[in-house]
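Dear colleague,

I am handing over the structure below, and I would be grateful if you could look through it alongside the notes that come after it.

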Amino acid sequence: VRNENYFRGKPKLEQIVFYFLPNSSSRRLAFKAGELDIIDMDREQRAVDQVKGPGVLIDSFTPPSVYKLHMNRRMKPLDDLRVRKAIAYAINRDEIVKFLGKDVADPLYSVIPPVFVGGLQDIPEKLKYSHNPEQAKKLLAEAGLPKGFTIDPVFVSERSQFRRPMEIIQHQLKQVGIKINITIVAHPTWHKKNDDGSNPIILRAASRFPTADFILEEFFLGGGKRNFSRFNGADAELKRAQGETDIEVQKKLWREAQIKILEDLAAYPTHMQNIIAARKSNVDLGYKLKSAISGSIPIKWTTRIK
């Protein structure tokens, strides 16, 4: 309810009512029926397309969820850099993004997006590992696997945001002779398999505060629970960055750490997905929405219904 004496000025809305509708289809139906003014959206193009139309605005804003394919470097044949590179060259980011949809996904070339503080802005071309199936086959042959290999099982979450892109990757790897047998499990079970080290390949998303240290320290610092790749090649840079007070020095250290991660292919960045929301066009936010740490559209004292 409006605080008539709010210190920044009297809010333009008398009240805000929040409805908690876990079922995304129910949210979309209520929105289309005019029962809701704003809804959080599934990050899928088909969901966006279902609500698009006259009188509807789609908001896509940062910070994005960061998707990267971790490869457990202690498991054979993933312990061979040539094999990890073969996997990287077999993956087609553009296909993944096209499938997920232009409104919800963008390709990612480093484990930290460029919109984050400390994200790589100048990724060397060779470290992008752009789609090259012939190079993938050549590397497999050099690694003594000319006919490819099979990884079984690879556990994947039941949630579509993980299952659907992983099924695309499964198809892409098959084209160069790499077969991964997917076992779909409940989302909590998937987390358990990841954390206990029994999952050889993990497509993991991270929605974190938009500075490089959160993701780098959680997923790539040696000894961490979620260091799924078992990588410690950038520990010196990450530990120095932890105690550094000069942001420019921190950025330099984070850049060096990201380069080492890409050179070692501890993880292959696939794509990123912005936060997606839909609102009626008569909802004037009162500001230009670019980014929101809250993970949903902030309603401010300047927001109004036109």
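Predicted model: local features only at pLDDT ≥ 70, side-chain atom pairs only at ≥ 80, totals over all residues.

Residues are numbered from 1 along each chain as its sequence is written, and side-chain values use heavy atoms, with hydrogens and water left out.

Helices (H or I, at least four residues) and strands (E, at least two) are DSSP runs numbered from the N terminus. A cis peptide bond joins Thr-62 and Pro-63, with omega about 5 degrees, and Pro-63 is placed in strand β2 (residues 56–71). Another cis peptide bond, with omega about 0 degrees, joins Asp-152 and Pro-153, the latter lying in strand β4 (residues 149–157).

Arg-230, although not a glycine, has a positive phi of about 60 degrees and is found in the loop between α8 (212–220) and α9 (235–242). Leu-265, also not a glycine, has a positive phi of about 50 degrees and sits in the loop between α10 (247–264) and β7 (267–280). Leu-265 counts as buried because its relative accessibility is 0%, where buried means under 20% relative accessible area (1.4 Å probe, protein chains only).

Finally, α8 and α10 pack at an angle of about 40 degrees with their axes 11 Å apart, the axes being lines fitted to C-alpha atoms over the stretch in contact, and angles running from 0 to 180 degrees between N-to-C directions. The contact (heavy atoms within 4.5 Å) is made by Ala-212, Asp-213, Leu-216 and Phe-220 of α8 and by Trp-254, Gln-258 and Ile-261 of α10.

Definitions and conventions:
Buried < 20%, exposed > 50% of the residue type's maximum accessible area, 1.4 Å probe, protein only.
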